[in-house]
Amino acid sequence: MSSPDPATTDPDLAEQLVRLTRRMHRAQQRHMESLDIALTPAQTRLLRIVDHYRDGTPPRMADLAARLEVVPRAVTTLVDALEAKDAVRRVPDPANRRVIRIELTDTGRSTLHALRGARRDAAREILAPLTAEQRDVLGGLLSTLVDGAAARC
């Protein structure tokens, strides 16, 4: 049996996904505010991306721009703001002194840990009306969608 054509999917489903995403974002923002974390969504994404490099060489500004799909100047602004909050630092590349790499500070790592907790708390809040079985089904469906999207990117 084939999957239904996404173009003919109920338009209300698209609206529900958008509403759920917004609700999740608002819930996470509330939890972040209760922890006194004041970061923009772009700053939190940059922290998560830098953290992905934790076991290897820290990323260059150009690496971050490519991952964020923005111009390098936008990354400079984000890094400046996060550096002012002591969440990241610029470090010279030992192999090429013209290259600057970005790494998390201890403050950045603890902020990222708190952000992840805020996200989990927000998800717990939103998913509370579901039974354990419904959450398992939803998790499977989301994995299918995320894995399918990753394969196309």
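Reader: Is Arg 60 buried, partly exposed or exposed?

Author: Arg 60 counts as partly exposed because its relative accessibility is 34%. Buried means under 20% relative accessible area, exposed means over 50%, and partly exposed lies in between, with a 1.4 Å probe and protein chains only. Please note that this is a predicted model, in which local features need pLDDT of at least 70 and side-chain atom pairs count only at pLDDT 80 or more, while totals for chains, interfaces and linings use all residues. Residues are numbered from 1 along each chain as its sequence is written, and side-chain values use heavy atoms, with hydrogens and water left out.

Reader: Which residue forms a salt bridge with Arg 60?

Author: The partner is Asp 63, with the closest N and O atoms 2.8 Å apart. A salt bridge here is a side-chain nitrogen of Lys or Arg within 4 Å of a carboxyl oxygen of Asp or Glu.

Reader: How many salt bridges are there in the whole structure?

Author: The search finds 10. In one of them, Arg 116 meets Asp 51 at 2.8 Å, N to O. This pair links distant parts of the chain, since Arg 116 is in helix H5 and Asp 51 in helix H2, 65 residues apart. Helices are DSSP runs of H or I with at least four residues, strands are runs of E with at least two, and both are numbered from the N terminus.

Reader: And Asp 51, buried or exposed?

Author: Asp 51 has a relative accessible area of 7%, so it is buried. Arg 116, at 31%, counts as partly exposed.

Reader: Turning to the core, which residues have the most contacts inside the largest one?

Author: They are Leu 46, Leu 47, Leu 64, Val 75 and Val 79, in a nonpolar core of 22 residues. Helices H2, H3, H4 and H5 and strand S2 each give two or more residues to this core. A nonpolar core is a set of buried Ala, Val, Leu, Ile, Met, Phe, Trp, Tyr and Cys residues joined through side-chain atoms within 4.5 Å.

Reader: What is Leu 47 in contact with?

Author: Leaving aside neighbours within four places in sequence, the contacts of Leu 47 include Leu 39, Leu 82, Val 88, Leu 104 and Leu 115. Contact means heavy atoms within 4.5 Å.

Reader: Which residues of H3 are buried?

Author: Met 61, Asp 63, Leu 64, Ala 65 and Leu 68 are buried. Their cover includes H2, H4, strand S1 and S2.
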